[in-house]
Amino acid sequence: MAKKVMGQLKLQVPAGKANPSPPVGPALGQRGINIMEFTKAFNAKTADMEPGAPCPTVITYYQDKSFTFEIKTPPASYYLKKAAKLQSGSKTPGKAVAGSVTVAQVKEIAEAKMKDLNANSIEAAMQIILGSARSMGIEVK
């Protein structure tokens, strides 16, 4: 018999740096999820990723207090800021340019995020990434 799903929880946790302190601990604790079990499993699963990269994580928890989790790729804004060597995007996107990335870098980001994007081709994925770049004030050369 299948387990009864109690709910889903979405968190953004830095890769390899999950710990029981807020925001992870309280979010898991109030739903009855074993915090230490999650942090150990998450850190083990993200060990091969870049340390500190923000990882959107969807945790599905069940009635018997067990859980499963799915780790998605870091947000496009993280990759764009890294490619443009920026701390943050433009304060006034559309008016001021914060930095620039090349078409090759956009294609590389699109390929990395392809499994999490709603796109059928690399070209469509690149358009999504270009839209994110535009909203951050990053120009593409």
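Are Phe-38 and Phe-69 buried or exposed? I began my entries with this point and found that both residues are buried. I note that the model I consulted is predicted.

**Entry 1: aromatic rings**

I looked up the aromatic pairs and recorded 6 of them in the structure. For one of these, Phe-38 with Phe-69, I noted ring centres 5.3 Å apart and planes at 70°.

I then asked where the two residues lie. Phe-38 belongs to helix H2, residues 35–45, and Phe-69 to strand S3, residues 67–71. The pair therefore ties together parts that are 31 residues apart in sequence.

**Entry 2: two helices**

I turned to helix packing. Two packed helices are described by the angle between their axes and the distance between the axes.

I looked up helix H3, residues 76–84, and helix H5, residues 122–136. Their axes come within 10 Å and cross at roughly 70°. Because 65 to 115 degrees counts as roughly perpendicular, I described H3 as roughly perpendicular to H5. I recorded the crossing of H3 past H5 as right-handed.

Which residues of the two helices meet? On the H3 side I listed Ala-76, Ser-77, Leu-80 and Lys-81. In H5 they meet Ile-129, Ser-132, Ala-133 and Met-136.

Terms used. Residues are numbered from 1 along each chain as its sequence is written. This is a predicted model: local features need pLDDT of at least 70, side-chain atom pairs count only at pLDDT 80 or more; totals for chains, interfaces and linings use all residues. Side-chain values use heavy atoms; hydrogens and water are left out. Rings of Phe, Tyr and Trp (its six-membered ring) pair if their centres lie within 6.5 Å; planes under 30 degrees apart count as stacked, over 60 as edge-to-face and the rest as tilted. Helices (H or I, at least four residues) and strands (E, at least two) are DSSP runs, numbered from the N terminus. Buried means under 20% relative accessible area, exposed over 50%, partly exposed in between (1.4 Å probe, protein chains only). Axes are lines fitted to C-alpha atoms, for helices over the stretch in contact, and angles run from 0 to 180 degrees between N-to-C directions. Angles under 35 degrees count as roughly parallel, over 145 as roughly antiparallel, 65 to 115 as roughly perpendicular and the rest as oblique. A crossing is left-handed if the near helix is turned anticlockwise from the far one by less than a right angle, and right-handed if clockwise. Contact means heavy atoms within 4.5 Å.
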